[in-house]
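Let's take a friendly walk through a structure together. Have the sequence and the 3D view ready, and follow along as we go from one part to the next.

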Amino acid sequence: MVAQMIEGWNLVIGIEIHAQVNSKSKLFSSSPTDFGSKPNSQVSLIDAAMPGMLPVINKFCIEQAVKSGIGLNAKINKISIFDRKNYFYQDLPQGYQISQYKDPIVGEGFVEIETENGQKKIGVERLHLEQDAGKSLHDQDPNFTFVDLNRSGIALMEIVSKPDMSSPEEAVEYVRKVRSILRYLGTCDGNMEQGSLRADVNVSVNKPGNELGTRCEIKNLNSFKFIHAAIVYEAKRQIKLIEQGESVNQETRLFNTQSGETRSMRSKEDAHDYRYFPDPDLLPLTLDDDWIKGLQESIPELPDQIKERFINEYSLSSYDANIIVSDKATSEYFEDVVKNRNPKLVTTWVTGELFSILNKKNLIIEDSPITSKQLGELVDNIENGKISNRQAKEVLEEMCESGKGALEIIDEKGLSQISDENEIESLVDNVLNSNPENVKKYKNGKDKLFGFFVGEAMKLSKGKANPKIVNDLIKKKLSQ
Amino acid sequence: MEFDKKSLLKLGKLARISISDDKLNNLSKDLNSILEFVDQLKEIKTDQVDPTSNSLNQKLEVRDDKVDTKNGAEDILENAPEKEMDFFVVPKVIE
């Protein structure tokens, strides 16, 4: 539907991701960064911008920014500069945000995403460090705005993409990929609900062959769903304006998560003039070659590399590998289970049955009621033929409810599958002998009766017979 | 650089400072003389010199990622002209 609405138009999308550094204390002060604390309980004199307070940078945050830069295949700048971005707003007591303007800590890089048409490289323009602002509550009182400065001064990495995305799906894939890389690196927890990772999306439309259109920026999108919906809405809005002979205003817009619409946030005459200049309180940040090298060596295996390894080592399809590596916890879980087991079977059980249970219960894999060890035990029993796939599903559900192990449940329920050929042969003989009429019909060409014999044999075994052996034996006997 | 009244009013607006009409003339004259002074710096040839954002020959001091909670909400709000339920209270801001 999206493609239809937008047919005949190019979409040009660029994204700024704000990712909160996974630090205990703020970027320039020692206040804690915990989420959900009592309002204004995590505010130092520096965060409140009391006169005479001086910022001192958090070493850990510098490290995380550089690590993230390495993960984004980006150039690390050995000299970077902190600037003041001046604006007047109630959530910014300093009157300026300390950010990086002309000389960011990380320069150009790229990430690769999966699209309908295969791999696509999305350019990263830069990554810089900056302070987060406080939080304003506008709905507590009809006449006043309430301000909580707990978030003020928390370290953010702003990751700016090049305008390389051309569909809402690509935009979502890009944010997913960056989030995944940061989570593998441990530099940002990627929790979008709590605002640890949010995206500003720039959208413009133009007719193929024409000049680029005027772009609008949609601020503060904190879920993949909203990113997608906001881009679709915004693209349609702009196309409609142009088709009606009007023009698109360059502006900042807000996405209403209830209505799914975007609306103008600041009018043009109030366009910000940030008057950037180097912060005289902070010297240039210089990084040492050896130090950068040390960090490079500490970088863990990242999703692209793990994906390649899974494809080579376990012969996974690119599609399955992609699903599994997109989340660090999932790939660790998968790897725990797959050791010395059939990868195809393990993939099916992790991405199929386990995921559907987690979805149903709205759980993340870290909180899975089935540990990787328990799932492994279940897979073992499928692999050695003790239980069928169908029985295994039953066992998994029971494991989930009772917390018991697979073997225990199989024994308790007497579920174990009959794989003994002699035993099954006598079942099959029994069925064929008691249905001589049907055997005759089958042999005269009524092929459909094959299913009937299998069904009867399974019924006789109370569903415990190994269906493959039953099939094979019946085929053999009937062709005799 | 000429600092006209229009630029002065814009600057005032960005800083949320109201400038009354009778002060406009004097203020823009003052600011212009500052800018003229700064303009003298442009006479120095700098095309062979790297940009300097700080004149001190020192490295940026860093600190470890350690939490220190010296102030509670009560302490920090003590300086607030208006407060309620641990929040700073400011005039209504409409986005």
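**A walk through the two chains**

Just after helix α14(A), Gly445(A) takes a positive phi of about 115°. The helix itself, residues 436–443 of chain A, is hardly covered: of its eight residues, the count of buried ones is zero. Here "buried" means that 20 or more other C-beta atoms, placed from the backbone, lie within 10 Å of a residue's own; a residue with 12 or fewer is exposed, and one in between is partly exposed. Helices (H or I, at least four residues) and strands (E, at least two) are DSSP runs, numbered from the N terminus.

Before going on, note that this is a predicted model, in which local features need pLDDT of at least 70 and side-chain atom pairs count only at pLDDT 80 or more, while totals for chains, interfaces and linings use all residues. Residues are numbered from 1 along each chain as its sequence is written, and chains are lettered from A and ligands numbered from 1 in the order in which they are written.

Next, turn to where the chains meet. In all, 34 residues of chain B are in contact with 40 residues of chain A, contact meaning that the C-beta atoms, placed from the backbone, lie within 7 Å. The largest share of chain B's side, five residues, comes from β3(B).

Strands also link the chains. Strand β2(A), residues 57–58, is joined to β1(B) by two bridges, and the two run parallel; two strands pair if DSSP finds at least two bridges between them. Ile57(A) stands opposite Val62(B) in this arrangement.

Which strands form the open sheet, and in what order? Four strands do, in the order β8(A)-β9(A)-β3(B)-β2(B), with antiparallel pairing. Strands β8(A) and β2(B) stand at the edges with a single partner strand each, so one side of each is left without a neighbour in the sheet. Three bridges connect β8(A) with β9(A), and Leu137(A) has Phe146(A) in β9(A) as its bridge partner.

Note on methods: Two residues are in contact if their C-beta atoms, placed from the backbone, lie within 7 Å.
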